[in-house]
Amino acid sequence: MTFSRSCQLLCLLLCCSSTWGLLSLGNETPLHPSESISEGKVTSIKLDKNTPIRRHFTIPDFSSPYSVTVTPCDVPIQWKLSVRKLTPWILPRRFKPSIFQENWKNPDVTEELFSYQGNAVESFESFSSSKDVYTFELLSIERDTEVTVLLLTGDTLKVFPEVPSDPRVEVIGVGMNSVTLSWKPSPTLLHSYQQSIHYCLLVNRWHNFKSLCAAEVAMKKRKKKGSPKKTVWWPGSIATHGLQHPALMSAAPIHDNSTSVWQLCTGTENVYTVSDLTPDTQYYFDIFVVNRLYNTSVAYTGTFSRTLQEPQPVVMQLRDSEIRQVNLQGRKAQRQYSFRPRNCQQRVLFTFQTCSEGQVFVKISNKGQTLASQVINGFGQILLQGKSSYLLQLDPIETLVMSLKMQATTKYHKRDFPQLPKSLKIKAFSKLRTCNSVTLAWLATHERSKYCVYKKKLPENQQLRAKLRDNDRCIGPDSRKKSEKVLCKYFQELNPLRAVTTATIGELQPGTSYLFDVYLIGHWGIPLKYDSKVVKSKKEC
């Protein structure tokens, strides 16, 4: 009896000690209840800094091919794959360890298959054995991050598209607002036509990405921090047959974290021009060949390029008291002028007079600092002091063609431009119109100035054309024929409410249209033209 009880006690101790060894890993990280990896599905795993994560899987079929692909989504990680050969154990019924706990501590049946450290996409392929348990160990030592794991078995191993032997993306053209890219076709598309295989383009201003997973994580982080206005994310499709996908037409940032980048890709062309870029800006370009059926992708070797600068306008020098006429053509017809007074303490008077309909935005700066700005519509003046140099910038506003006169002078007390009246319109009195005469009226100034009236006979079919052609306020009477001159008179009225002058022009032909112009000539001889007026004399009186 004593020997029998001793044997029973020994067996019980062996069973308890074996079971305790199964549930403890000694000096290793304790084995918590771990999740398994699903086959044929991309599994996303979050990693906390310096906290190892384990995942397990088994392959039921003997000698079946399998592959494991790990994609780091941010920082470099460490991961390894090991296999544990299971040995049957006889345990009491009350102990029911899982297949992942069974014989875990036995070093004789554990084999490390693969290990890697870095942030590149890595895969491992091999053949399985019966009743083997495969274990992933993943660790991030820099910061919290994410990874994706894909397990494939059997005939579904070839779900990752291939990149060519030369996977570089080349820049074949650069402009101010566009960059043209080219890359060698994917062998997956060359060998067989698959509708699920497409290229995807990603453009950003920070750096290249080795995976779409890394790009999505970066977008989430920038959205959480608040993406700056100048940030441009451009995930979109490369269109077939040279047609642009709507996603590429918009430079708006993508903020929907629930949308995967590659779901927008539908093209198979390997040459593409990215447009609507900002001049003089560096962009990073990444091309991914994507299998939308399995949500797998492989990255080409990305590239970067800087768009060209906008041509800088020529800065022309202005002389003191010089009157310069400037012609502006086009919405981007910017002009720049510089002026240097002899003494930086001198006051400088800038005078602007538009010659035609339209507005001009004037900005005066010094060493990048704006000193004054004004929208000129007719006449404007700016008085400044205390700078050794001034930079003038002229930009037309919603006008394709226009011109103006301007002057920069330190003799601000000596005015070369006449003072403008409140309106440059000419009025014709219909009640005073006869068969051979018309009466005109216009606003004058409180200064004593000279006013000259000119007339031109117009054919019936050229009335509007002649009015538009001659409606240039900067054209002086010197450009007119002497026969067109009607009269010149001096006028001055200190009361602005009564500063109106009139003139009656006779010797007209009945039923005939005439173009009338009035020129205001100031004290220093610079003329100012009123708006042209077409008047038709009465046909019968």
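Is Met 316 buried, partly exposed or exposed? Met 316 is partly exposed, with a relative accessible area of 30%, where buried means under 20%, exposed over 50% and partly exposed in between (1.4 Å probe, protein chains only). The model is a predicted one, in which local features need pLDDT of at least 70 and side-chain atom pairs count only at pLDDT 80 or more, while totals for chains, interfaces and linings use all residues. Residues are numbered from 1 along each chain as its sequence is written, and side-chain values use heavy atoms, with hydrogens and water left out.

Met 316 lies in strand β17; strands (E, at least two residues) and helices (H or I, at least four) are DSSP runs, numbered from the N terminus. Leaving aside neighbours within four places in sequence, Met 316 is in contact (heavy atoms within 4.5 Å) with Arg 324, Gln 336, Tyr 337 and Ser 338. From Met 316 to Ser 338 there are 22 residues in sequence, yet their C-alpha atoms are 6.1 Å apart in space.

Together with Val 171, Val 174 and Met 176, Leu 308 forms a nonpolar patch on the surface, with about 270 Å² of accessible area in all. Patches are made of residues with over 30% relative accessible area and no salt bridge, nonpolar side chains (Val, Leu, Ile, Met, Phe, Trp, Tyr) being joined within 5 Å and like charges within 9 Å. A salt bridge is a side-chain nitrogen of Lys or Arg within 4 Å of a carboxyl oxygen of Asp or Glu, and accessible areas come from the Shrake-Rupley method with a 1.4 Å probe, only the protein chains shown counting as cover for residues.

The open sheet has 3 strands in the order β9-β10-β13, with antiparallel pairing. β9 (169-174) and β13 (271-274) stand at the edges with a single partner strand each, so one side of each lacks a neighbour in the sheet.

Elsewhere, β4 (residues 77-85) pairs in the antiparallel sense with β5 (residues 110-118) over 8 bridges, with Leu 81 opposite Phe 114. β4 is also joined to β7 (residues 132-139) by 8 bridges, again antiparallel, and here Gln 78 stands opposite Leu 139.

Methods:
Two strands pair if DSSP finds at least two bridges between them.
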